[in-house]
Amino acid sequence: MWKISDLLQGLAPKSPLRAEPPDLAHCPAGEVRPKLRTAGAVRFRPEISCNSSRLAGAEAFIDGRPPDSLGAAEIRRLVDCAVAALRTCADAGAPPPQIALTIPVAALSEGWLADHVIWECDRLEVPPHRLLLRAIRGDAPLLDGAAAGRVMGRLADAACGLDLDDLPALRHRHADLAGKAARRVRVNGAEGMDAAVLSIMALADHLGLPVLAERIETRDQLFWLAQIGCDMVSGPVTGAPLDAEELALMAAQGGSGAAARAGQYAA
């Protein structure tokens, strides 16, 4: 049996130590000027790779609406806009990022969720594995366990995975199914890298899941996270939220290689 302490001792950087933090002035996030915000619009919060400074993904949300209060119509609109954004990236010849949708945890019990995600991806010819569902509890009611198991099973079969917050889904009674659907783990970088966060990172590494640190504000934080094996970051350091066209532009700039290579760590 492995222990968290053993994993912490073996948690090594995934890239050689560098003398300087990434130059975010050359990161794709610094090359796109976001438009004025409009309340109720679907926006995309960029997620940047710690190792290459490329755009790795984005989190879709409805501006001005707490994610745990979204209704069925708003969740459908969020799915539609995220899939359409991936289609826009593909049509522009940009490497499509992975988009996470933050929804109330109770929505995982709704059969229409899997139906709508799969149907919309099929309609616009977008691979479902480009979508992640991040379910947050907030004040939402508890999951209907049996229904949630069926929804997670359908999503996992379609290759649409779960974006886990500190591995809560692995403590659910459908832990095996949640583990099958899990594609990534999130940690809150704003709380600092204490032993609990490092333990989560070690467990994610043991499970073969990438880690996203959110709410990251400085280049120094980004540099340190890269050295301990974090895969991606989001927050103020990656720039302001974008609309779909701006996201496609950032994906094109990050995927072209020139801007991304300029943002790699100094040797």
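Modeller: Happy to! Searching the whole structure turns up zero disulfides, a disulfide being a pair of cysteine sulfur atoms within 2.5 Å. Before going on, a word on the ground rules: this is a predicted model, in which local features need pLDDT of at least 70 and side-chain atom pairs count only at pLDDT 80 or more, while totals for chains, interfaces and linings use all residues. Residues are numbered from 1 along each chain as its sequence is written, and side-chain values use heavy atoms, with hydrogens and water left out.

Back to the cysteines. A disulfide is a covalent bond between the sulfur atoms of two cysteines. For Cys50, the closest cysteine sulfur belongs to Cys230 and lies 4.4 Å away, which is too far for a bond. Cys50 is also buried, at a relative accessible area of 0%; buried means under 20% relative accessible area, exposed over 50%, and partly exposed in between, with a 1.4 Å probe and protein chains only. Cys89 is likewise buried, with a relative accessible area of 0%.

Now to the helices. Helices (H or I, at least four residues) and strands (E, at least two) are DSSP runs, numbered from the N terminus. Helix α2, residues 72-91, packs with helix α3, residues 111-123, at an angle of about 25°, and their axes are 10 Å apart. That angle makes α2 roughly parallel to α3, since angles under 35 degrees count as roughly parallel, over 145 as roughly antiparallel, 65 to 115 as roughly perpendicular and the rest as oblique. The axes here are lines fitted to C-alpha atoms, for helices over the stretch in contact, and the angles run from 0 to 180 degrees between N-to-C directions. The crossing of α2 and α3 is right-handed; a crossing is right-handed if the near helix is turned clockwise from the far one by less than a right angle, and left-handed if anticlockwise.

Helix α3 also packs with helix α4, residues 145-157, at about 15° and with the axes 8 Å apart. This makes α3 roughly parallel to α4, and the crossing of α3 and α4 is right-handed.

Arg76 lies over the face of Trp112, 4.3 Å from the ring centre. A charge sits over a ring if NZ of Lys or CZ of Arg is within 6 Å of the ring centre and within 35 degrees of the ring normal. The charged end of Arg45 sits over the ring of Phe61, 4.3 Å from its centre.

Finally, the loops. His129 lies in the loop between α3 and β4 (131-136) and is partly exposed, at 39% relative accessibility. The C-alpha atoms of His129 and Leu155 are 9.4 Å apart, although these residues are 26 residues apart along the chain. Ala159 is in the loop between α4 and β5 (161-165); it is partly exposed at 27% relative accessibility, and its phi is near 75°, a positive value in a residue other than glycine. Most residues other than glycine have a negative phi. Arg215, in the loop between β7 (211-214) and α7 (219-227), also has a positive phi, near 65°. Arg65 sits in the loop between β2 (55-62) and α2 and is partly exposed, at 32% relative accessibility.
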